[in-house]
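Subject: Structure handover

Hello,

Here is the structure for you to look at. My notes on the side chains follow below it.

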There are 2 protein chains.
Amino acid sequence: MPMEGSSTSKLTSNGVAKNIANTAQSISTAQPTTPLPELDASLLQKTLTNNPRPVPELNSPEIAQSKTCTDHMITASWSVTNGWEAPELKPYGPLSLMPTASVLHYATECFEGMKLYRGYDGKLRLFRPNLNCNRMLMSSSRIALPGFDPLQLEKLVMALCEQDGSKWLPKDRPGNFLYIRPTMIASDSTLGVQRPKEALLYIILCCFPVMDASTAGMKLLASQDDMVRAWPGGFGYAKVGANYGPSLVAQGEARRMGYDQILWLFGDECNVTEAGASNFFVVWKTKEGVTQLVTAPLGEKIILDGITRRSTLELARTRLVNGWTPTDGSLPGKLDAIEVVERKFTMKDIEEAYDEGRFIEAFVAGTAFFVGQVSLIHFRGKDLNIEMREHGYATTLKGWLSGIMYGKEKHEWAVIVNETES
Amino acid sequence: MPMEGSSTSKLTSNGVAKNIANTAQSISTAQPTTPLPELDASLLQKTLTNNPRPVPELNSPEIAQSKTCTDHMITASWSVTNGWEAPELKPYGPLSLMPTASVLHYATECFEGMKLYRGYDGKLRLFRPNLNCNRMLMSSSRIALPGFDPLQLEKLVMALCEQDGSKWLPKDRPGNFLYIRPTMIASDSTLGVQRPKEALLYIILCCFPVMDASTAGMKLLASQDDMVRAWPGGFGYAKVGANYGPSLVAQGEARRMGYDQILWLFGDECNVTEAGASNFFVVWKTKEGVTQLVTAPLGEKIILDGITRRSTLELARTRLVNGWTPTDGSLPGKLDAIEVVERKFTMKDIEEAYDEGRFIEAFVAGTAFFVGQVSLIHFRGKDLNIEMREHGYATTLKGWLSGIMYGKEKHEWAVIVNETES
């Protein structure tokens with residue numbers, strides 16, 4: 001008879017979240033052995049490239065394509081029997097996978113999106129990298145990949161940035177960034193559907209286009225009710241591949257129709273969740289006249305706990321609750337005090353606010369797109385045209401975030417990357 | 001202003017299903033060019049291995065591991081600009097993918113599961129391969145991978161079976177099979193979240209264990225309400241990687257607790273959907289005394305349209321509606337007439353039938369597991385122990401299917417693979 005009772009609770013997604021630290025260990029509980037080696041950044045072995053490549057020009061096709069990575073990458077192999085091997089920093093190049101590799105069949109993969117920023121003060125910075133590394137652990141656990149100490153991942157990210165940052169983000173290009181992509185895949189070549197026994201963690205730095213520069217604003221197409229991004233009890237909160245591929249048909253259709261992204265709705269009430277692969281925010285006045293910044297809550301676990309989302313909310317809560325009067329003269333207008341609210345809201349709420357003239361702004365926020373104002377939402381035959389405010393809440397919040405990322409404002413969220421002058 | 005109106009319907013999953021044939025073409029509608037090359041099996045280029053490998057012994061660890069593939073594989077590359085290149089039959093070996101490859105990040109992947117059977121009459125057979133190839137097209141379209149003519153895929157599967165079948169399924173091993181895995185992955189090395197512009201189709205033949213031999217029956221653990229496999233408007237009906245990886249945590253926990261698979265429930269009513277990665281069937285008597293074979297319907301698109309499921313239903317409808325009296329003397333008992341029903345049913349329905357003594361059998365059906373009787377369902381603290389019937393509906397249906405696959409019964413579903421005596 002199978003065991004039952006309290007251990008059943010581990011099957012819940014809450015249980016998974018609670019047990020993430022034990023994932024790697026618990027797989028091997030059957031063997032009464034010494035603990036397996038953990039991921040350890042201090043063991044990093046370096047093999048530098050003999051073929052350094054040129055850095056693409058700003059605004060070049062190479063950057064627009066987001067295919068060009070820097071000279072090096074970091075990899076670390078894991079197996080259920082041997083734990084984590086020493087990580088390697090080595091020349092960037094192709095991976096070799098057997099055609100039976102789990103990741104190619106069962107989407108046993110997860111990733112993070114971060115950026116390395118070249119500050120206006122000449123320094124390189126990461127933005128809250130600990131949050132990305134913690135989330136990566138949560139994602140890897142959700143997709144049956146091994147656990148690790150997030151601090152070790154952070155150190156590996158830092159090591160790669162230290163190696164390639166100086167060359168690939170030259171000091172004469174302040175205000176630019178590289179996109180950092182920590183990735184974990186199941187390299188296990190067993191074709192059976194089962195928990196992977198082998199995995200590969202890797203980190204790459206990719207030349208990536210600026211996606212928040214459009215002054216026309218983003219045009220969003222609200223999803224149809226038979227195309228759902230995520231659901232309660234699923235995995236919409238985790239940064240796993242399985243959230244992305246299935247959205248591409250809808251995204252491709254939307255782009256062909258002239259929209260930038262899908263605004264993902266959920267349920268019969270058309271709850272507003274995410275836009276494309278970014279979090280979504282609105283600013284409106286309530287019927288009672290209170291100005292609110294509203295975004296979907298994390299409770300149902302159908303949206304991503306975005307680092308930009310979290311930072312936006314935290315800045316709004318600390319700097320906008322009593323309103324904002326620009327001190328540096330760079331903003332022409334002051335902003336009303338806002339209430340910051342994480343709650344379910346629906347397209348009906350948006351339409352009502354729009355029709356009653358209470359709708360103020362909408363914007364998306366995420367690492368890749370950063371903060372982008374929304375100029376249009378199309379919902380079942382109706383266009384909601386939204387004002388693009390040059391000096392509104394979105395631009396103010398974006399300015400603060402950007403200031404922290406690029407060193408205009410000293411802030412604990414920014415972590416400086418050491419550059420060894422070479 | 002973006003276009004609107006009727007074309008919005010393409011965003012629905014029904015729209016996707018209707019438009020599958022146009023997928024590859026519609027991507028390139030912007031270019032007023034000649035049609036791009038289609039997938040064409042007649043262009044197959046062959047490069048045979050210089051290092052043929054030994055065939056694993058029956059019941060050897062190599063087979064149990066499901067890692068060992070035959071000497072060759074078939075690959076075909078696609079790109080949005082060049083269409084399908086000529087397919088290649090070549091030595092089995094690793095794939096080379098850039099670390100930025102779409103499939104490694106966004107689960108842009110789909111596959112099929114088929115088997116090559118060595119018949120008791122010495123012949124090699126496929127079972128309804130056209131259905132798998134049609135479903136592969138549906139899956140590839142759902143996950144934003146290119147379209148193709150399913151008949152060409154079938155011809156490629158056939159070509160690989162003709163090449164490697166004779167050696168890897170020797171004639172002195174009748175009643176054995178190789179597992180066939182057609183796979184398509186997005187090889188596009190663009191890191192941006194977008195429809196892939198490059199893809200690789202490949203077909204491999206893998207030594208695979210027999211998974212339906214257990215006489216103890218399968219033990220199923222009903223899923224908790226916060227661990228949900230699929231959702232209406234999602235992709236549970238498509239054979240895409242995104243359905244599998246996210247299920248492995250629950251599956252791993254279930255196995256650790258002594259169960260074989262998860263019985264996936266859906267919704268507050270606990271509708272019964274699939275078991276593991278197989279379809280699920282029950283046989284019960286209704287309160288009115290009618291014997292029914294029941295399985296979940298395809299309408300909501302949350303379960304896979306399994307080939308074994310479909311074949312089971314078709315055989316039951318043609319051979320069991322008036323009951324069954326064995327003609328060959330190999331079965332001791334006759335079976336009552338059954339009504340074959342595809343409808344929603346719940347754990348409450350199952351429990352009620354169980355408690356009232358109306359529950360007769362439960363079994364799973366799929367290519368990998370074939371037909372396996374269920375001996376136990378654990379649902380929220382309660383064990384339902386189900387009789388394993390040596391001569392019941394499951395075994396009878398399984399016997400018919402097996403007879404067709406292994407050439408004991410001549411049937412149009414079995415397609416003979418030519419063997420060139422070498």
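A definition to start: buried means under 20% relative accessible area, exposed means over 50%, and partly exposed lies in between (1.4 Å probe, protein chains only). By that rule Asp336(B), at 44% relative accessibility, is partly exposed.

This is a predicted model, where local features need pLDDT of at least 70 and side-chain atom pairs count only at pLDDT 80 or more, while totals for chains, interfaces and linings use all residues. Residues are numbered from 1 along each chain as its sequence is written, chains are lettered from A and ligands numbered from 1 in the order in which they are written, and side-chain values use heavy atoms, with hydrogens and water left out.

**Salt bridges**

A salt bridge here is a side-chain nitrogen of Lys or Arg within 4 Å of a carboxyl oxygen of Asp or Glu. Over all chains there are 44. Helices (H or I, at least four residues) and strands (E, at least two) are DSSP runs, numbered from the N terminus.

Back to Asp336(B). Its side chain meets that of Lys285(B) in a salt bridge, 3.8 Å from N to O. Lys285(B) lies in strand E14 of chain B and Asp336(B) in the loop between helix H8 (307-319) and E16 of chain B, so the pair ties together parts 51 residues apart in sequence. Lys285(B) is partly exposed, with a relative accessible area of 30%.

In chain A, Arg128(A) and Glu314(A) form a salt bridge at 3.2 Å, N to O. This pair links distant parts of the chain, 186 residues apart. Arg128(A) is in the loop between strand E8 (124-127) and helix H5 (129-142), and Glu314(A) is in helix H8 (residues 307-319). Arg128(A) counts as buried at 10% relative accessibility. Glu314(A) is partly exposed, at 28%.

Glu88(A) pairs with Lys90(A), with the closest N and O atoms 4.0 Å apart. Glu88(A) is partly exposed at 30%, and Lys90(A) is partly exposed at 25%. There is also a network of salt bridges, which links Lys287(A), Glu352(A), Glu356(A) and Arg358(A).

**Aromatic rings**

Rings of Phe, Tyr and Trp (its six-membered ring) pair if their centres lie within 6.5 Å; planes under 30 degrees apart count as stacked, over 60 as edge-to-face, and the rest as tilted. The count is 27 aromatic pairs over all chains.

Phe281(A) and Phe363(A) are stacked, 4.9 Å centre to centre with 5° between the planes. They link distant parts of chain A: Phe281(A) is in strand E14 (residues 278-285), Phe363(A) is in strand E17 (residues 359-366), and they are 82 residues apart. Phe281(A) is buried, at 0%. Phe363(A) is buried, at 0%.

Trp284(B) and Phe345(B) are edge-to-face, 5.9 Å centre to centre with 90° between the planes. Trp284(B) lies in strand E14 (residues 278-285) of chain B and Phe345(B) in the loop between strand E16 (339-342) and helix H9 (347-355), so the pair ties together parts 61 residues apart in sequence. Trp284(B) is buried at 3%, and Phe345(B) is buried at 1%.

One aromatic cluster takes in Trp231, Phe235 and Phe266 of chain A and Trp231, Phe235 and Phe266 of chain B.

A charge sits over a ring if NZ of Lys or CZ of Arg is within 6 Å of the ring centre and within 35 degrees of the ring normal. The charged end of Arg319(A) sits over the ring of Trp400(A), 5.3 Å from its centre. Lys301(B) lies over the face of Tyr237(B), at 4.5 Å from the ring centre.

**Nonpolar cores**

A nonpolar core is a set of buried Ala, Val, Leu, Ile, Met, Phe, Trp, Tyr and Cys residues joined through side-chain atoms within 4.5 Å. The largest has 132 residues, and Phe280(B), Met347(B) and Ile350(B) have the most contacts inside it. A second, separate core of 98 residues includes Cys69(A), Tyr393(A), Met73(B) and Ala414(B).

**Between the chains**

Contact means heavy atoms within 4.5 Å. The contact takes 92 residues from chain A and 91 residues from chain B. Chains A and B bury about 7,700 Å² between them, 62% of it on carbon and sulfur atoms. Buried area is the accessible area (1.4 Å probe) that two parts lose on being put together, summed over both. There are 2 salt bridges between chain A and chain B. Glu198(A) and Lys67(B) meet in a salt bridge at 3.9 Å, N to O.

Best wishes
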